[in-house]
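Please look over the sequence and the three-dimensional structure shown below before reading on.

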Amino acid sequence: MTKDIPVEVAVDASDITRFAPHTHPLWWGILAAVAIEAAVVANLLTSYFYLWARTDAWPPEGVEPPPLLWPTLILVVLPLSSVTMWWAGKGSDAGRMRQLALGVSASVLLACVAIGFRSIQIAQFDILWSDHAYGSILWAITGFHYTHVVSAIVGTAAVAILAWMGYFTPERQLGVVVDTLYWYFVAGVYLPIYLVLYWAPRLL
Amino acid sequence: MTDVGPALRHRDDAEGRETLATIERTWQSPKGFFGWFTHVNHTNIGRRFVATALIFFAIAGVLGLLMRWQLSAPLNEVLDPDTYNQVMTVHGTAMMFLFAIPAMEGIAIYLVPLMIGARDMAFPRLNAFGYYVYLIGGVIFLLSLPLGIAPAAGWFNYVPLSNKEFSPGLGVDIWTTMITFIEVAALTAAVELIVTIFKLRAPGMSLNRMPIFVWAVLVMSFMILFAMPSVIVASAMLMMDRLVDTQFFVAEAGGSPLLWQHLFWFFGHPEVYIIFVPALGIVTSVVVTFAQRPVFGYTALVLALVSVGMVSFGLWVHHMYTTGLPFMGRSFFMAASAMISIPSGVQIFCWIMTLWGARIRFEVPMLWVLSFFAVFITGGLTGVMVASVPFDRQVHDTYFVVAHFHYVLVGGAVFPLMAGLYYWYPKAVGRMLSDRMGKWSVGLSFVGFNLAFFPMHQLGLEGMPRRIYTYLPEMDWGFLNQLATVGAIILAVGFGLTFWNLIYSAYRGTVADENPWNAPTLEWATTSPPLNCNFAQQPVVQDDRPLWSWPERGKRTVVGGLRTDRRETMVTTLLDARPQSVQVLPGPTPWPFVSAVAASVGFLGLIFSPWFYLIGFFGAFVTFVFWFWPRKPYRED
């Protein structure tokens, strides 16, 4: 029986840290969630090209590819919000909690601007999801990313509230670290979406 | 007292008992009806997953029997065509999504932390959330059948049959929403398992010392991670085609019905391996224990598991040989399909070498494994046959394919699952399953299975198509069908005996000690059933068979210094499992249940109005905030 064998304590955990925001299992969990989302995006973009390959005209006759202005502005705003997110994390690592609160709040505001631009741009689509498969996939990918920006906004808003309440410390900041990781993904995944939806139909 | 090291050295003295009692209180799950909704311990959640999956298995099995009853004679009138289609669709869907994946995941959720010497999984609340999602989604899906509104377009729901024009009514909508919903549970379990295996292994358990079962679960989880998104995308598209008039699969408006097949099978083929790979892990565990020697070719086996996982993503088109694909494409997928037999062969040879010359103990789990060998290898052989394009085009959509996939799925997943039940039941319940009933169950299942499905090969070669609700007497298919029905009944009795055994032995079985089979892995290093905290002290390991090597070394190494007044478990580095930090785990909470209910309302509502997308989104968000919001007093260390 195992329990009858004499025991030796080989690892003493009493002095090992209980806070490790940058190597915490949740960091890995968010990374896995990002992998799932990335797989969804890959499926959607592949479907876009598959539908394209099986159609004569893409976009269909009489439909223009979506205008470039607003999507390109979003391509500026979202990375900018990632910079403020990164700056906020620097602050909380160094114990400057005011910088953290300012940084995450700025990111939320910038992402709200991005959502505003996105809404204007959606209103400009000259095709409905029910008109043609092109419209369906265009709206689906756009809606998918829209939902992600909104969920990053509401999640980060919760982090911002906690930051203004003074909850976070340089050790106790797991929420900030994982929220930032997710934020980078939402901002970063816009690039392939942007290239496929707005440039591919013009260039290919 | 935070240092429990010395105190627990002698578990039987007063101080040791008191320390253990404190830890056990910390890890206890609340009792009572309302307490049930707050459980987060992986042992509770894993047990629930397995029990629920087995109930769904029984229901789906009864549906299978109904189909066999209908087909037992030509022009039979037990089921009308539409009911038959519903029964067939629900049988296939439930077996795949409600039974096979969750049962494997449940076993993994139960065993992985025990096998890697952890006290719980990395995200206990997410675990609970996944279970409720699965339970709610599964029950709603199955309820559609007695209500007569079940989907009837087959488990793979090919468009255009499944679009609004040809499948009016709620059936396919229930399929798309509930299956997508249940996939969420599969994904949460996959994330949970990957992170637990990566980060919570006991100190010393470097990747090359992990039990093969844990490797298999890791491969399965990665496959889920990359396969499930495509069925989610596909069913979301179908859902939108049916509910808000998108045109993804409507050929007249630029859509492509073949897109559905590609997306579905890009998931659907790995899916087969998602349930098969953990079964390989179970088989390896059983073979090692009942041969009483370390596994032959550990590295080869691990590489074979990983390559099965990878290659399985390059095979999906072999389900679509008859859809008019380019010749080059078909040849490529034919070669890839044949290639998967290489790693499968490596596994079989590793097991044979492990068993070769060993004094094998022919206990019930081992008997299930031996029937697995026979059945699965037969299924593998027909697999090599249908992998080749010319042969496949002959038997496509006939009962030959039905025979083939039941041989690989039942042989490759259910028989090992049964082996696993008999093998680990004593650990989970603390009592042995009845040996006599077990042996009868193996025998009847093996005979019944072959009698039920072997004749289908011949029926298929004679041209009997799949998915038909009846056939004409002139076809001369009556006798073989009758034989298959008799076989199905015997098979049901065989499995039924195990069900009865599971219930009976929980009360009357012989009491099991810690390690009744003399197995080498860590799940047997704790009491049966395991403590609330799994291990009074987390183990530290030096090799891949600690329970065999500790007695040789004359000492057992453990972790000391974890606190007793809150839930703590070691976090170690990914490759070498060196101690890195300590994770403080959450205790019982009802919020995962509330979140699951909010999400279910959203998903179910989608059938009736797109606005439920918003309701579900914000409803779930609010519950997540309550779930994650830090509670005072904030933790200072």
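In chain A, the mean position of the 9 positive charges and that of the 13 negative charges are 8 Å apart, where Lys and Arg count as positive and Asp and Glu as negative, with His and the chain ends not counted, and where the place of a charge is NZ of Lys, CZ of Arg, CG of Asp or CD of Glu. This is a predicted model, in which local features need pLDDT of at least 70 and side-chain atom pairs count only at pLDDT 80 or more, whereas totals for chains, interfaces and linings use all residues. Residues are numbered from 1 along each chain as its sequence is written, chains are lettered from A and ligands numbered from 1 in the order in which they are written, and side-chain values use heavy atoms, with hydrogens and water left out.

Chain A holds 6 helices and 1 strand, these elements being DSSP runs numbered from the N terminus, with helices (H or I) of at least four residues and strands (E) of at least two. Followed along the sequence, the elements of chain A come in the pattern β-α-α-α-α-α-α. The radius of gyration of chain A is 22 Å, well over the 17 Å that the globule rule gives for 204 residues, so chain A is more spread out than a compact globule; the radius is taken over C-alpha atoms, and the rule is 2.2 Å times the number of residues to the power 0.38. Along the principal axes, the C-alpha trace of chain A spans about 80 × 50 × 25 Å.

Of the 204 residues in chain A, 57% count as buried, a term that means under 20% relative accessible area, while exposed means over 50% and partly exposed lies in between (1.4 Å probe, protein chains only). Among contacts (heavy atoms within 4.5 Å) in chain A between residues at least 6 apart in sequence, 81% join residues at least 24 apart. A:A33 belongs to helix α1 of chain A and is partly exposed, with a relative accessible area of 29%.

The C-alpha atoms of chain B fill a box of roughly 80 × 60 × 50 Å along the principal axes, and buried residues make up 63% of the chain.

Within chain B, strand β2 (residues 568-572) and strand β3 (residues 579-584) pair in the antiparallel sense over 5 bridges, pairing being assigned if DSSP finds at least two bridges between two strands. B:V571 has B:S581 in β3(B) as its bridge partner, and the two strands form a hairpin with 6 residues between them, where B:A577 in the turn has a positive phi of about 55 degrees.

Among the helices of chain B, α4 (residues 81-115) contains B:T89, which counts as buried at 0% relative accessibility. Apart from neighbours within four places in sequence, B:T89 is in contact with B:P151, B:A152, B:A153, B:G154 and B:W155. In helix α17 (residues 546-553) of chain B, the residues B:P546, B:L547, B:W548, B:S549 and B:W550 are buried, and their cover includes α8 (257-291) and β1 (556-560) of chain B.

Some backbone places remain to be visited. Most residues other than glycine have a negative phi, and most peptide bonds are trans. B:N157, however, has a positive phi near 45 degrees; this residue lies in the loop between α5 (124-143) and α6 (171-199) of chain B and is buried, at 0% relative accessibility. The peptide bond from A:W58 to A:P59 is cis, with omega near -5 degrees, and a cis peptide bond also joins B:S528 and B:P529, with omega about -10 degrees.
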